[in-house]
Amino acid sequence: KSIVVLISGSGSNLQAILDACSAGFIDGKVTAVLSNKAKAFGLERAKKAGAKAIVLDHKAYVDRAAYDQDLIATIDQYQPDLVVLAGFMRILTPEFVQHYQGRLLNIHPSLLPKYQGLNTHQRAIDAGDSEHGCSVHFVTAELDGGPVILQAKVPVFPGDDANAVAERVHEQEHRIYPLVVRWFCQNRLQQQSDKALLDGLLL
Ligand code: GRF
């Protein structure tokens, strides 16, 4: 299976997926990594693993539609079975989402449907939550709103700051994202509009 990963930053989730591929845990190959930021450290991770590392700077485009069109054209050169968003900090057009419907995954650092959008760790602390976590979901036109496939929970302890919680959540992200990609590459995962199925069973 050909996997294309989109990033904007450090790419620690990308690394977890690269490692899972080289270990044979995922029956697939990261063929290309695309970043909208030239300085994203994940690009180095991609090169080191032998994947194509590509920068598509959004500032060079007149609007979001033009950017996403070029993004699609670039991604499709790698004939992806799966497109993985791993810290790609851009909102995607409905055209983009539609184009990859059913083969587009995202990881979000909250227990969805709680805390869609940004600053999730601080918001969980501010709300006094004792539990927080992360979610892998299929992407739909609704931001952070697609059907959830797998979540991991972490405790929030009194006195925790956002960094402490983020670190705890990140560890879990690196466990659940490769697992979901593995399932997808085994043809066990499907999206039916607003529902996700594993082995034909509703999640
Ligand atoms: C993760 O926290 C992910 O949940 C969010 O962006 C962050 C990416 O981290 N969508 P990294 O670049 O994979 O280290």
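Which residue stands opposite Leu 202 in E10? Leu 197 does, and we'll come back to that pair once we've walked through the rest of the structure. Before that, two ground rules. Residues are numbered from 1 along each chain, following the sequence as written. What you're looking at is a predicted model, where local features need pLDDT of at least 70, side-chain atom pairs count only at pLDDT 80 or more, and totals for chains, interfaces and linings use all residues.

Where they touch, domain 1 puts in 14 residues and domain 2 puts in eleven. Here, two residues are in contact if their C-beta atoms, placed from the backbone, lie within 7 Å.

Now look at the side of domain 1 that touches domain 2. Helix H1 (12–22) and strand E4 (82–85) each supply at least two residues of it, and H1 gives the most, with five residues. A word on the labels: helices (H or I, at least four residues) and strands (E, at least two) are DSSP runs, numbered from the N terminus. By type, the residues on this side of domain 1 are nine nonpolar, three polar and two charged. In this sorting, Ala, Val, Leu, Ile, Met, Phe, Trp, Tyr, Cys and Pro count as nonpolar, Asp, Glu, Lys and Arg as charged, and the others, Gly among them, as polar.

H1 turns up again around the ligand. The shell there has 15 residues, and Ser 10, Ser 12, Asn 13, Gly 87 and Pro 109 come nearest. To be near a molecule or strand, a residue needs its C-beta atom, placed from the backbone, within 6 Å of it. H1, strand E5 (104–108) and helix H6 (162–185) each supply at least two residues of the shell, with H1 giving the largest share, three residues. Both domains take part: the shell draws at least three residues from each of domain 1 and domain 2. Sorted by type, the shell has six nonpolar residues, eight polar and one charged.

Next, take a look at E5. This strand pairs with E4 in the parallel sense over three bridges; strands count as paired if DSSP finds at least two bridges between them. Within that pairing, Val 84 stands opposite Leu 105 in E5. E5 is mostly covered, with five of its five residues buried. Leu 104, Asn 106 and His 108 point one way, while Leu 105 and Ile 107 point the other.

So what does "buried" involve? A residue is buried if 20 or more other C-beta atoms lie within 10 Å of its own, exposed if 12 or fewer, and partly exposed in between, with C-beta atoms placed from the backbone. Ile 107 counts as buried because it has 22 C-beta neighbours inside 10 Å. Leaving aside neighbours within four places in sequence, Ile 107 is in contact with Asn 13, Ala 86, Cys 134, Val 136, Glu 173 and Tyr 177. Compare Ala 23, in the loop between H1 and strand E2 (29–35): Ala 23 is exposed, because 9 other C-beta atoms lie within 10 Å.

On to H6. The expected span of a helix is 1.5 Å times one less than its number of residues. For the 24 residues of H6 that gives 34 Å, and the end C-alpha atoms are 34 Å apart, which agrees. Buried residues in H6 include Val 165, Val 169, Glu 173, Ile 176 and Tyr 177.

Most residues other than glycine have a negative phi, and most peptide bonds are trans. Just after H6, though, Asn 187 takes a positive phi of about 60°. Gln 79 also has a positive phi, near 40°, and is found in the loop between helix H3 (64–76) and E4. Then there's the cis peptide bond joining Leu 112 and Pro 113, with omega about 10°.

Finally, back to where we began. Strands E8, E9 and E10 form an open sheet in the order E8-E9-E10, with antiparallel pairing. Strand E8 (189–192) and strand E10 (201–202) stand at the edges with a single partner strand each, so one side of each is left without a neighbour in the sheet. Strand E9 (residues 195–198) pairs with E10 over two bridges, and Leu 197 is the residue opposite Leu 202.

Methods: Domain bounds come from an automatic or database domain assignment.
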